[in-house]
Amino acid sequence: MAVPARDASDLSDGRPAVRIASPKGKWILLTTVLGSSMALLDSTVVNVALPTIGRDLDASLSALQWTVNGYMLSLAGLILLGGSLGDRFGRRKIFVIGVVWFAAASLLCGLAPNVGVLIAARVLQGVGGALLTPGSLAIIQASFHPDDRARAIGLWSGFGGVGAAVGPFLGGWLVDGPGWRWVFLLNIPVALVCAPIALLHVPESAGGTSRPAEAEGGGGGSHRGFDVLGAVLGALSLALVTYALIEATSGSVLVWVAAVGGVLAGVAFVYVERRRPDPMMPPDIFASRQFTAVNLVTLCVYAAFGGFFFLTVLQLQVVAGYSALQAGTALLPTTALMLLFSARSGEISQRIGPRIPLTVGPLLCAAGVLLMLRVGEDASYVADVLPALLVMGLGIVTLVAPLTATVLASVDVGRAGLASGINNAAARVAGLLAVAALPLLTGMGEEAYRSADAFDAAFRRAMPLCAGVLVVGAVLAFTTVRRPPPGFLRPECHTHGSLTAPSLEPYLPRGVLGAQKSPGSPGLPVR
């Protein structure tokens with residue numbers, strides 16, 4: 001008996017692919033944008049609230065560092081595992097769990113009676129973010145028709161960028177208005193809208209292998225199992241090193257134990273990844289010199305960004321006397337430039353190659369960082385703050401899109417999603433370590449944020465360090481990055497708005513869609 005041919009737009013399990021103009025397509029876009037925006041907002045919005053949180057909870061500077069880094073630690077350490085869980089158990093299921101988990105942790109943050117509870121809740125928030133962030137993009141990639149997928153991803157990244165851009169402004173408004181606790185409590189009504197829409201309108205999807213195996217041309221990296229041990233060792237190493245950096249001034253034996261333990265956990269992580277059949281971070285992906293080089297550039301650039309924005313928001317409030325709303329609003333030009341011109345920057349880099357943008361971009365950022373040295377007591381926004389942030393924004397615009405494109409072009413097509421995930425995690429790790437290390441390197445004491453003179457002195461030591469790291473990134477890019485070969489894989493996310501990490505790029509498990517465009521089709525890679 002003849003078997004009826006499946007329509008080319010059907011998914012592998014027979015469900016029709018969703019069109020973006022359909023009601024279901026609009027619901028899918030809405031819930032994925034809402035979910036990812038919660039995680040993006042909490043990566044930026046909290047910085048603006050730090051001085052107020054410190055005063056209200058009588059927190060030391062190290063406690064404020066942990067308030068930022070607790071979230072980044074669990075998010076960076078578990079984001080690759082979160083994507084694997086969605087592939088195995090269902091992307092909608094893990095996404096919804098992530099949304100609910102994130103909302104519950106946000107409630108705990110908003111009700112925290114002391115800074116210890118707040119830090120613990122922030123760690124839990126990061127776990128929720130690691131579940132929902134990769135899931136939101138994977139849902140779009142697995143649900144939409146091939147002809148609509150690039151547009152859907154563009155809308156998702158654009159609206160997500162807007163959410164990240166307004167984060168500091170929104171945070172400042174909430175801190176000066178209803179209070180800092182609403183920075184976290186705001187996530188609850190968003191989740192109450194997002195989760196039911198996902199359950200009602202998002203089709204479930206899962207893939208037995210989220211990336212093609214070696215025999216399928218992907219060079220390895222399948223998700224036949226879960227690298228839980230690798231995820232635990234990676235997160236443990238980050239946690240111990242972060243603790244050692246933040247608490248180093250105490251000089252206690254525990255700090256030395258944590259530092260040694262962090263290094264040993266890192267060595268154990270590499271050992272496990274080299275021997276597992278299904279590692280979270282396959283070491284052989286770094287056999288590509290270009291991939292290794294661009295990740296080193298990423299580490300330099302995002303370490304500088306993490307330290308710069310953490311300290312700048314504090315400098316504006318503690319030293320320049322800005323309110324939380326004024327400090328949050330001050331950052332809008334940087335993110336506005338990213339939203340307006342990042343796509344254009346990506347087009348230019350495709351024509352001239354990534355080497356020049358990845359060299360010039362960090363140098364412009366370094367100049368913007370050094371211009372912030374003009375910001376002191378009673379600083380003028382137009383004369384002192386704005387020029388620095390505009391130059392910084394131009395530098396970020398110049399480098400972010402080429403960075404993502406170079407990451408994708410440096411690996412086989414079947415490993416593009418893995419490469420993007422590793423690069424995203426590397427950026428978050430860099431920011432995490434910078435926030436932990438800069439106060440130590442600049443002699444910033446536990447009570448420095450309560451004293452304008454003490455904080456200003458440390459800030460002036462920190463900015464040249466950030467600029468120096470950016471110059472190192474520029475030198476690395478100039479000496480190691482080369483033009484990709486013809487027909488290389490191009491990013492689907494064209495609009496960038498996040499200051500904490502590059503955009504995640506989608507991957508598509510083989511067989512999810514019955515029909516796909518050829519590997520050479522720009523904007524729609526075959527995974």
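Modeller: Arg 460 is partly exposed at a relative accessible area of 31%, where partly exposed lies between buried (under 20% relative accessible area) and exposed (over 50%), with a 1.4 Å probe and protein chains only. This is a predicted model, in which local features need pLDDT of at least 70, side-chain atom pairs count only at pLDDT 80 or more, and totals for chains, interfaces and linings use all residues. Residues are numbered from 1 along each chain as its sequence is written, and side-chain values use heavy atoms, leaving out hydrogens and water.

Biologist: Which side chain does Arg 460 meet in a salt bridge?

Modeller: Asp 456, at 3.1 Å from N to O; a salt bridge is a side-chain nitrogen of Lys or Arg within 4 Å of a carboxyl oxygen of Asp or Glu. Both residues lie in helix 16 (residues 452-480), four residues apart, about one turn of the helix. Helices are DSSP runs (H or I, at least four residues), numbered from the N terminus.

Biologist: Is Asp 456 buried or exposed?

Modeller: Asp 456 is buried, with a relative accessible area of 17%.

Biologist: How many salt bridges are there by this rule?

Modeller: The count comes to eight. One of them joins the side chains of Arg 19 and Asp 148 at 2.8 Å, N to O.

Biologist: Where do Arg 19 and Asp 148 lie?

Modeller: Arg 19 is in the segment before helix 1 (23-57) and Asp 148 in helix 5 (residues 146-176), so the pair ties together parts 129 residues apart in sequence. Asp 148 is buried at 11% relative accessibility.

Biologist: Which residues are linked in a network?

Modeller: Asp 58, Glu 447 and Arg 450 are linked by salt bridges.

Note on methods
Helices (H or I, at least four residues) and strands (E, at least two) are DSSP runs, numbered from the N terminus.
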